[in-house]
Amino acid sequence: MAAAVAGAALLGKGLDISLAALQQHDPYISSIVDVASQVALYTFGHRANEWEKTDVEGTLFVYTRSASPRHGFTIMNRLSMENRTEPITKDLDFQLQDPFLLYRNARCKYVVCWVEY
């Protein structure tokens, strides 16, 4: 029981650190709703008619915000300093096809996240 409590405290501390890092990019982020520890981002190349791996790979955070839009997600990129952030709005279409999260953003760009559980 004590080990479970200690593990939960470490997890909570890790989320606190992650929340602080996210808030450096967006001070309106108020809480982390969910986390996927490893995702890789692909975009659909219309010329080649296939999915192309991007240079975005890392931890996916889904969060709430204290300002509009009220929700969003960010991939904290391990490959470069450029993170991927998307607001969750009515313009975001998404579909879960395990282990993939496919979405089309407001710029009509089709993207897939490969989520490793």
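Author: A pocket is an open set of points on a 1 Å grid over the protein atoms alone, where a 1.4 Å probe fits and protein lies on both sides within 12 Å along at least five of seven lines; its volume is the space filled by probe spheres set on those points. The largest pocket here has a volume of about 370 Å³. This is a predicted model, in which local features need pLDDT of at least 70 and side-chain atom pairs pLDDT 80 or more, while totals for chains, interfaces and linings use all residues. Residues are numbered from 1 along each chain as its sequence is written, and side-chain values use heavy atoms, with hydrogens and water left out.

Reader: What makes up the lining of the largest pocket, and which residues lie nearest its centre?

Author: Lining residues have an atom within 4 Å of a point, and the largest pocket has 14 of them, with D34, L60, V62, L96 and L101 nearest its centre. Strands β1 (29-45), β2 (50-65), β5 (93-97) and β6 each supply at least two lining residues, and β1 gives the most, with three. The lining divides into 13 nonpolar residues, no polar and one charged, where Asp, Glu, Lys and Arg count as charged.

Reader: How do you know where the strands are, and how many does the chain have?

Author: Helices (H or I, at least four residues) and strands (E, at least two) are DSSP runs, numbered from the N terminus. On that basis the chain has one helix and seven strands, following the pattern α-β-β-β-β-β-β-β along the sequence.

Reader: What does the side chain of Q38 make a polar contact with?

Author: A polar contact is a pair of N or O atoms within 3.5 Å; within protein, one must be able to donate a hydrogen and the other to accept it, and residues adjacent in sequence count only if both atoms are side-chain atoms. The side chain of Q38 makes one with the side chain of E57 at 3.4 Å and another with the side chain of R78 at 2.3 Å, so both values fall inside the limit of 3.5 Å. Q38 lies in strand β1 and, at 16% relative accessibility, counts as buried. The side chain of T74 also makes a polar contact, with the side chain of Y63 at 3.1 Å.

Reader: Which residues does L102 touch?

Author: Contact means heavy atoms within 4.5 Å, and, leaving aside residues up to four places away in sequence, L102 touches W51, D93, F94, Q95, Q97, V111 and V112.

Terms used
Buried means under 20% relative accessible area, exposed over 50%, partly exposed in between (1.4 Å probe, protein chains only).
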